[in-house]
Amino acid sequence: KQWYQRRVRGVEIDHTLICKLGGYTSLRHSHLRDTLPNLVEVVCKDVVTEPPLLPITNENLPRGTTLKTDARLDISCRGFYSALDKTFLDIRILHPNSQSNAKKPLAGMYKAHENEKKTKYLHRVREVEKANFTPFVMSTTGGLAP
């Protein structure tokens with residue numbers, strides 16, 4: 001019982017929320033990826049989980065944009081911003097106590113993670129998919145990026 005209490009009350013919880021080994025970070029992402037479409041379906045049409053992106057042909061995309069042929073985002077739907085426009089959402093869950101976030105203000109954490117997603121996908125979604133892109137950034141403490 002003491003071992004369990006140390007792990008629950010101590011730093012080990014932070015380790016669980018940060019460490020990619022053990023699968024917890026993937027589980028929390030996958031759970032949100034599988035739950036969020038149910039909420040989006042209430043107001044949007046054509047909701048798809050993990051839609052593949054169209055292949056790149058001759059587009060000149062900025063450095064940092066993902067060029068993978070099997071690239072996928074977490075969710076796509078129609079009607080998120082306007083009636084017929086297609087929107088892609090990609091989920092990121094950050095942990096404020098991780099080393100990469102510890103010295104940043106909360107707003108800075110969210111902005112940095114949003115910018116990473118935008119660098120990777122925004123131009124490809126706009127130029128190739130002719131759609132909108134929104135990074136969906138949350139924290140393990142329950143916050144949501146503005």
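Tutor: Let's start with the elements: helices (H or I, at least four residues) and strands (E, at least two) are DSSP runs, numbered from the N terminus. Lys-117, for instance, sits in helix α4. Before we go on, this is a predicted model, where local features need pLDDT of at least 70 and side-chain atom pairs count only at pLDDT 80 or more, while totals for chains, interfaces and linings use all residues. Residues are numbered from 1 along each chain as its sequence is written, and side-chain values use heavy atoms, with hydrogens and water left out.

Student: How many helices and strands does the protein have, and in what order do the elements run?
Tutor: You get four helices and four strands. Starting at the N terminus, they go α-α-α-β-β-β-α-β.

Student: What makes Lys-117 count as buried or exposed?
Tutor: The cut-offs are these: buried means under 20% relative accessible area, exposed over 50%, and partly exposed in between (1.4 Å probe, protein chains only). Lys-117 comes out at 10%, so it counts as buried. Across the protein, buried residues make up 35% of the 146 residues.

Student: Which residues does Lys-117 touch?
Tutor: A contact means heavy atoms within 4.5 Å. Leaving out residues up to four places away in sequence, Lys-117 touches Asp-90, Ile-91, Arg-92, Leu-122, Phe-133 and Pro-135.

Student: Why is the pair of Phe-80 and Tyr-81 called what it is?
Tutor: First the rule: rings of Phe, Tyr and Trp (its six-membered ring) pair if their centres lie within 6.5 Å; planes under 30 degrees apart count as stacked, over 60 as edge-to-face and the rest as tilted. The structure holds two aromatic pairs. In the Phe-80 and Tyr-81 pair, the ring centres are 5.0 Å apart and the planes stand at 85°, so this one is edge-to-face. Phe-80 has 34% relative accessibility, so it is partly exposed, and Tyr-81 has 52%, so it is exposed.

Student: And what kind of aromatic pair do Tyr-121 and Phe-133 form?
Tutor: That pair is tilted, with 6.0 Å from centre to centre and 50° between the planes. Tyr-121 belongs to helix α4 (residues 106–129) and Phe-133 to strand β4 (residues 132–139), so the pair ties together parts that are 12 residues apart in sequence. Tyr-121 is at 9% relative accessibility, so it counts as buried. Phe-133 is at 9% too, so buried is the label there.

Student: What makes β1 and β4 edge strands?
Tutor: Two strands pair if DSSP finds at least two bridges between them. The four strands form an open sheet in the order β1-β2-β3-β4, with mixed pairing. β1 (45–49) and β4 each pair on one side only, and that makes them the edge strands.

Student: Where does α4 lie?
Tutor: Across β3 (86–94) and β4, running at about 160° to β4. For that angle, axes are lines fitted to C-alpha atoms, for helices over the stretch in contact, and angles run from 0 to 180 degrees between N-to-C directions.

Student: What is the phi of Asp-46, and what is that of Glu-50?
Tutor: Asp-46, in strand β1, has a positive phi of about 50° although it is not a glycine. Its relative accessible area is 52%, so Asp-46 is exposed. Glu-50, in the loop between β1 and β2, also has a positive phi, near 50°, and is a residue other than glycine. With a relative accessible area of 33%, Glu-50 is partly exposed.
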